[in-house]
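Trainee: Could you walk me through reading contacts and cores in a model?
Mentor: Gladly, let us look together.

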Amino acid sequence: MTALGGHLSAHNPLSSPQCAPAPLHHRGVSVRIGIHPVLEALRARSPLNRVLIARGASGPRLQEIIDLCRELSVPVRFEPRGALDRIAGASTHQGVVALGAPRQLAELDDLPAGACLVILDGIEDPHNLGAIIRTAHAAGADAVGANCGNGIDGYIPICRRLRAATDRPLWLKANAGLPEIVDGRPVYRTSPEYFAARTLDLVKAGVTFVGGCCGTTPAFITAIKQALQAAKRG
Ligand SMILES: [Zn+2]
């Protein structure tokens with residue numbers, strides 16, 4: 001069985017120091033990008049921390065946003081356009097971005113009784129990783145997973161290592177390559193087609209659940225699905 005999935009917020013045990021800072025949405029902050037989404041959020045009285053408007057941007061709909069913010073006591077800040085570009089990533093922001101209140105994260109006490117969770121970060125010695133996974137396995141872990149911090153090529157040897165350490169289902173979500181910082185923004189160079197082709201190698205290496213983390217988009221998940229279906233048909 002191989003399943004598909006999108007973003008997840010945990011970070012990979014073999015995370016790479018070259019990785020860009022996590023996007024805001026990965027840090028639990030909801031972001032509305034563009035005039036319509038920001039207006040909707042204001043009209044719906046969604047909890048917003050602040051609204052950022054690109055310096056020099058103007059127009060009746062931006063003015064409507066500013067007026068609504070005043071009415072609702074949402075702070076408005078005028079920022080250089082580059083700051084909004086960084087937050088919006090590939091999306092078109094039309095000179096406005098709203099940052100929501102951080103999402104309420106679950107407390108460990110909210111987990112079902114008896115749930116066992118082992119979260120690793122910054123593990124550098126693969127022997128330690130193997131030992132921890134074997135111990136988690138012996139303690140009854142239902143699955144073992146890793147995401148973020150590496151591209152799909154980097155995840156194939158990680159998958160083999162994890163597979164050697166456990167026969168539990170393996171769950172892996174790679175980034176669309178390691179980001180290059182261009183004009184202060186992370187740029188991911190891996191294409192959905194390449195990602196999908198390499199996912200077949202991940203399947204050979206023993207993965208059970210696959211998906212994508214930073215830099216991947218719904219096009220990646222579609223390409224993975226098509227590649228897996230084509231491989232199944234032989
Ligand atoms: Zn990520």
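Trainee: Leaving aside neighbours within four places in sequence, which residues is L170 in contact with?
Mentor: Two residues are in contact if their C-beta atoms, placed from the backbone, lie within 7 Å. Beyond those neighbours, L170 contacts V144, G145, C159, L162, R163, G206, V207 and T208. Bear in mind that this is a predicted model, where local features need pLDDT of at least 70, side-chain atom pairs count only at pLDDT 80 or more, and totals for chains, interfaces and linings use all residues. Residues are numbered from 1 along each chain as its sequence is written.

Trainee: How many residues does the largest nonpolar core have?
Mentor: A nonpolar core is a set of buried Ala, Val, Leu, Ile, Met, Phe, Trp, Tyr and Cys residues joined through C-beta atoms within 7 Å; buried means that 20 or more other C-beta atoms lie within 10 Å of a residue's own, again placed from the backbone. Here the largest core has 27 residues, and Y155, C159, L170, L172, F195 and L202 have the most contacts inside it. Two or more residues each come from α4 (126–138), β6 (144–151), α5 (152–165), β7 (170–175), α6 (192–204) and α7 (218–233). Helices (H or I, at least four residues) and strands (E, at least two) are DSSP runs, numbered from the N terminus. The largest share, 6 residues, is from α5. Another core, of 14 residues, lies apart from this one and includes V38, V51, V74 and A98.

Trainee: What share of the protein chain is buried?
Mentor: Of its 234 residues, 27% are buried.

Terms used. Buried ≥ 20, exposed ≤ 12 C-beta atoms within 10 Å, placed from the backbone.
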